Amino acid sequence: MKTRFFLWFALIFLVACQNKTEQKQAPSLTPQQKEIIHRYKKISYIVNTYPDSIDDYAHWMERESRNQPTVYKAMAHFARGIYYQSISSYELSKKEFEYVIQSVRDTKYDTIRGRAYLALGNNYKNTGDYPKAFSSLYKTLKTYEKHRNKYGTSSAYGCMAQIYLQKNDIPAAEENLKKAIDIMGSDKNNHFYLIFIHTLANVYGMQGHYAAALKLDEEGIRISKKLKMHRNTSTFYDNKANCYLYSNRLDSAAYYFNQCLKIDTAVGEKKQIADTYSNLGALYFYSKDYPKALAYMNKSFALLEEIHNLPNMMRAYDVMVDIYKAQGQFQKALELKDRKEEVIKQMISEKKEAALAEFKVVYETEKKEKALAQNRVKLLQKEAEARRKNYWIFASVSLTFFIALIAGLIYRQQKIKNRQQEQEFKLRSAIAQIEAQNELQEQRLAISRDLHDNIGSQLTFIISSVENLKYAFEIQNPKLESKLSAIGNFTRETINELRDTIWAMNYHEISIEELESRAMNFIEKGKAAQEQIDFQFYVDPSLKEIKLSSLVGVNCYRTLQEAIHNAIKYARASVIDVRIEPINSNEIQMSIRDNGLGFDLNSVEKGNGLRNMQKRIETIGGILSIHSAAGQGTQIKVLLYRNQLGFL
């Protein structure tokens, strides 16, 4: 199958590979130098998306770098080399890449040299000089593994995989492809990944796994179109066409080969055009249209000989031999077979094959020796670190013993001093606490007086004013009269709540007996309003002297008040029983029970009154529970804990 130019492997990763020294010098660069670097970074984008512009692009860089330092000239030569490679002029592109390698000797530019080695390795791969290709690619690996650059490293392995694929060494091709794809990881939306899966699809196709190959082709076409990389789209069309060709779906193969030819012709890449001609020749051979097949093969040979692409020329010879055999021209077929053998001799010999093996052995050996040297350095560092640690441990133990001895003496004296200071502090704290409590109580009394004298008198004035309005004027509007009555009643309730608040504020602590007394006042008012209700209130005698904080006391009172109010207003109860009694040494229960209408807890949504009771009890750390059923009355239980509520 047609193999893509590996050139494009090298063209995208400049941003990641850019030399650190260049970045440090960036602030002092001239605008012209910055623009050269910017264009150098975009070479990959231009050659993949606007290939017809790469010549002008390289020309601009050559013109602008004439009076610049060598590194900028090297960038321009690299751009020119990419242009020559894009039109399959391998000898000219090789000279440009060799210039880059020779001119940037400084190690701070070794990523630029690594990029040139990668492009040069791809050149040698396309011309069939595999030993030189491997030599360049192993130099690429050294450079990018040193900088831990995944794009350069994976690209080198990918190019090696293509070489092994051309040599029909499928296991070695798969091994190198796996390395390349593993290095890339989940990073798929880039040109490198496209090249890897394109080569892998070739491998699957050569093994007859057409379904797996076509699946990769579809993925490659989708990513290529998303990235607007038409060259890559053409390569995946080529893969699909070959899968259809060798699975005898010739119409589909013809369609995709012609799609390739449209793209390749627009790009103007001779190698790719030659490959497509060769594929069309094979297609028409299988269709038994031998004249048309021969015409396409002659076009392919003309281009392949022009660019000196020996690997693809060998495949073209195979197709030509089959065509002449099918036509009965056995002498012509034999001549072409002999010419193919000559090409094979140029590409493959025992010496060259030994060189390939030697490159790999040397590279792996150097890599292992480097790893061993690094391990030895780490071991020596660890030994030195251990000696330093032992010294510091000994010094630390000695110093710690001396410090402990001195600290013991100081601690003994300080302990006596601290004991005296602690006693003095406790005494001062007790005095300050008493003074703070007295001051707080005075503030409470002052606030309660202000509430009673000011707000209380103002609320009383409102009630008086409402009553005067009702009796001074003959109010004919029932709604207005009802509204005035509601204002008066609301104000009276506010005065009662204000009095309860003043009552709670006047005390730092409230006994349960006082809580009972306050609740009885509220119940007496309820009796006056509902004489038919039998109120019962019981407090266990052992609890009457227990003291509650003002917060606990007022929340318990409000809860009790709300429960009784609900029983009177909504439950239509005839008996309301309130009980406060101990459950055990730590728990006290307050229960409000009525024999009213009751309600279904699951079907009735809690109103504001029930929610307020729940919130009040949770605020002081108690538990409120409601037990009720339709026609069976309601019982509200409040569980209080002595150790949580601060009972005295």
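A residue is called buried when its relative accessible area is under 20%, exposed when it is over 50%, and partly exposed in between, with a 1.4 Å probe and protein chains only. By that rule, buried residues make up 46% of the 648 residues in the chain of this predicted model. The secondary structure comes to 25 helices and seven strands, where helices (H or I, at least four residues) and strands (E, at least two) are DSSP runs numbered from the N terminus. Counting a contact as heavy atoms within 4.5 Å, residues 24 or more positions apart account for 66% of the contacts in the chain with a separation of 6 or more.

Because the model is predicted, local features need pLDDT of at least 70 and side-chain atom pairs count only at pLDDT 80 or more, while totals for chains, interfaces and linings use all residues. Residues are numbered from 1 along each chain as its sequence is written, and side-chain values use heavy atoms, with hydrogens and water left out.

**Helices α6 and α7**

- Two packed helices are described by the angle between their axes and the distance between the axes.
- The axes of α6 (residues 70-86) and α7 (residues 90-103) come within 8 Å and cross at roughly 160 degrees; such axes are lines fitted to C-alpha atoms, for helices over the stretch in contact, and the angles run from 0 to 180 degrees between N-to-C directions.
- The two helices α6 and α7 are therefore roughly antiparallel, a term for angles over 145 degrees, whereas those under 35 count as roughly parallel, 65 to 115 as roughly perpendicular and the rest as oblique.
- The crossing of α6 past α7 is left-handed, which is the case if the near helix is turned anticlockwise from the far one by less than a right angle, clockwise being right-handed.
- On the α6 side the residues that meet α7 include Thr70, Lys73, His77, Phe78 and Arg80, and on the α7 side they include Tyr90, Leu92, Glu96, Phe97 and Val100.
- By class, the residues of this contact between α6 and α7 divide into nine nonpolar, six polar and three charged, where Ala, Val, Leu, Ile, Met, Phe, Trp, Tyr, Cys and Pro count as nonpolar, Asp, Glu, Lys and Arg as charged, and the others, Gly among them, as polar.
- Arg80, found in helix α6, is buried, with a relative accessible area of 8%.
- Not counting residues up to four places away in sequence, Arg80 touches Asp55, Ala58, His59, Glu62 and Glu96.

**Helices α8 and α9**

- Helix α8 (residues 110-127) and helix α9 (residues 130-146) have axes that come within 8 Å and cross at roughly 155 degrees.
- That angle makes α8 roughly antiparallel to α9, and α8 passes α9 in a left-handed crossing.
- Among the residues that make the contact are Asp110, Arg115, Tyr117 and Leu118 of α8, together with Tyr130, Lys132, Leu137 and Tyr144 of α9.
- The contact of α8 with α9 has eight nonpolar, six polar and six charged residues.

**Nonpolar cores**

- A nonpolar core is a set of buried Ala, Val, Leu, Ile, Met, Phe, Trp, Tyr and Cys residues joined through side-chain atoms within 4.5 Å.
- In the largest core, which has 112 residues, Ile43, Ile54, Met61, Met75, Phe78 and Ile323 touch the most other members.
- A second, separate core of 36 residues includes Ala519, Leu543, Ile568 and Ile620.
- Leaving aside neighbours within four places in sequence, Met61 is in contact with Ile36, Arg39, Tyr40, Ile43, Met75, Ala76 and Ala79.
- Ile323, placed in helix α18 (residues 310-326), counts as buried at 0% relative accessibility.
- Beyond its neighbours within four places in sequence, Ile323 is in contact with Phe285, Tyr290, Ala293, Leu294 and Met297, and its C-alpha atom is separated by 7.6 Å from that of Ala293, 30 residues apart along the chain.

**Exposed and partly exposed residues**

- Asn248, in the loop between α14 (230-246) and α15 (250-267), has a phi near 65 degrees, a positive value in a residue other than glycine, and counts as exposed at 62% relative accessibility.
- Lys288 lies in the loop between α16 (270-286) and α17 (290-307); its phi is near 65 degrees, again positive in a residue other than glycine, and Lys288 is exposed, with a relative accessible area of 63%.
- Lys337, found in helix α19 (residues 330-347), counts as partly exposed at 43% relative accessibility.
- The C-alpha atoms of Lys337 and Met320, 17 residues apart along the chain, are separated by 9.0 Å.
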